[in-house]
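Good morning. Please look at the structure on the screen, and I will go through its surface, its helices and its salt bridges.

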Amino acid sequence: MAAVAGLRGGLRAALVMQQRGWSSGSGSGSDQLGELGSGAGKGGGGGGSIREAGGAFGKRQAALEERYFRDKEREQLASLREHHEEEIDHHKKEIQRLQKEIERHKNKIKKLKDDDDD
């Protein structure tokens, strides 16, 4: 039991140390990448031959890639918005249908009461 508790404590300590290392800025992605399109970074992969070469073409390629992903994200958000609007419309129609059903059942109950009174 004590060994398990010690292992958990050691695992927690290791995770905390990793998180501190990531958030402190040492070894962060921005240090390794440098300016996008300025050539191969310190982190290994450069992102393709044009970006590795750096210069104006590398910066242009990086800008085009960033623009592509921003546009793609914008399209996905628009699609998600449209989907939610369709869901809202569907639920509003379902509410109206169910309200009509409630009224129909209330009328049946009223009719049964009226027939019972006679």
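**Surface and salt bridges**

The accessible surface of this protein comes to about 10400 Å², and 55% of that belongs to carbon and sulfur atoms; such areas come from the Shrake-Rupley method with a 1.4 Å probe, and for residues only the protein chains shown count as cover. The model is predicted, so to speak of local features we need pLDDT of at least 70, side-chain atom pairs count only at pLDDT 80 or more, and totals for chains, interfaces and linings use all residues. Residues are numbered from 1 along each chain as its sequence is written, and side-chain values use heavy atoms, with hydrogens and water left out.

The protein has 4 helices and 0 strands (DSSP runs numbered from the N terminus: helices are H or I, at least four residues, and strands are E, at least two). Of its 118 residues, 7% count as buried (under 20% relative accessible area; exposed is over 50%, partly exposed in between, with a 1.4 Å probe and protein chains only).

Now the salt bridges, each a side-chain nitrogen of Lys or Arg within 4 Å of a carboxyl oxygen of Asp or Glu. The count comes to 4. How far apart in helix α4 are E101 and R104? They are 3 residues apart, about one helical turn, and their side chains meet at 2.8 Å, N to O. E101 is partly exposed, at 29% relative accessible area. Within it, D71 and R67 meet at 4.0 Å, N to O.
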